[in-house]
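Colleague: Could we go through this model together? I would like to begin with the metal sites.

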Amino acid sequence: MAEQSGRCLCGAVRWRYDGPHLRNLICHCESCQRATSAPFTAFVGMDPAHLHWQGEVTHFESSPGNWRGFCPACGTRLYYRSRHWPDEVHVHAATLDDRDAYRPDAQVLCAERMGWPDHMHELPCHDGFGQPPAGSQR
Ligand SMILES: [Zn+2]
Ligand SMILES: [Zn+2]
């Protein structure tokens with residue numbers, strides 16, 4: 001498999017991966033919603049033996065046996081680990097350098113799914129802000 005890479009928002013943390021995708025999914029659980037401040041998140045399950053980190057990563061135990069890694073400088077969520085899957089690190093797909101290459105193949109914990117994203121296709125969609133910020137010339 002071709003090597004993949006990713007980074008946090010500020011660039012203090014980078015990762016490289018040259019192993020297989022063990023899992024590739026969108027998670028709709030409430031814990032992920034709150035942890036990422038987003039209606040859902042997407043993960044690529046990676047073999048820790050092939051996953052190489054650069055920079056400092058801090059983690060938070062979001063429930064017993066579940067850890068969420070993040071960049072201590074900018075707060076970007078980087079991974080989820082669980083005692084239930086000791087041989088996998090679930091890296092947040094949105095941290096990929098090549099974001100457009102990502103294609104999830106499943107959605108999980110759909111019972112906890114937020115409803116409002118279902119209506120996004122009905123909303124106006126602007127390339128910019130749509131309405132300029134106050135005081136802006138844009
Ligand atoms: Zn960062
Ligand atoms: Zn989740």
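Modeller: A definition first: donors are N, O and S atoms within 2.8 Å of the metal (3.2 Å for Na, K and Ca), and since water is not among the atoms, sites may look incomplete. This is a predicted model, in which local features need pLDDT of at least 70 and side-chain atom pairs count only at pLDDT 80 or more, while totals for chains, interfaces and linings use all residues. Residues are numbered from 1 along each chain as its sequence is written, chains are lettered from A and ligands numbered from 1 in the order in which they are written, and side-chain values use heavy atoms, with hydrogens and water left out.

Colleague: What spacing do the donors of the zinc ion (ligand 1) follow along the chain?

Modeller: Their spacing is C-x1-C-x60-C-x2-C. The SG atoms of Cys8, Cys10, Cys71 and Cys74 coordinate this zinc ion (ligand 1) at 2.3 to 2.4 Å.

Colleague: Which parts of the chain does the pair of cysteine 8 and cysteine 74 tie together?

Modeller: Cysteine 8 lies in the loop between strand 1 (4–7) and strand 2 (14–17), and cysteine 74 in the loop between strand 7 (66–70) and strand 8 (77–82), so the pair links parts 66 residues apart in sequence. Strands (E, at least two residues) are DSSP runs, numbered from the N terminus.

Colleague: Is cysteine 8 buried or exposed?

Modeller: Cysteine 8 is buried, at 1% relative accessibility, whereas cysteine 74 is partly exposed at 28%. Buried means under 20% relative accessible area, exposed over 50%, and partly exposed in between (1.4 Å probe, protein chains only).

Colleague: Changing topic, which residues touch the most other members of the largest nonpolar core?

Modeller: Among its 17 residues, they are Trp15, Met46, Leu51, Leu78, Val91, Ala93 and Tyr102. Such a core is a set of buried Ala, Val, Leu, Ile, Met, Phe, Trp, Tyr and Cys residues joined through side-chain atoms within 4.5 Å. Strand 4 gives the most to this core, with three residues.

Colleague: In what order do the three strands of the open sheet run?

Modeller: The order is 1-2-5, with antiparallel pairing; two strands pair if DSSP finds at least two bridges between them. Strand 2 and strand 5 share four bridges, and arginine 16 has histidine 52 of strand 5 as its bridge partner.
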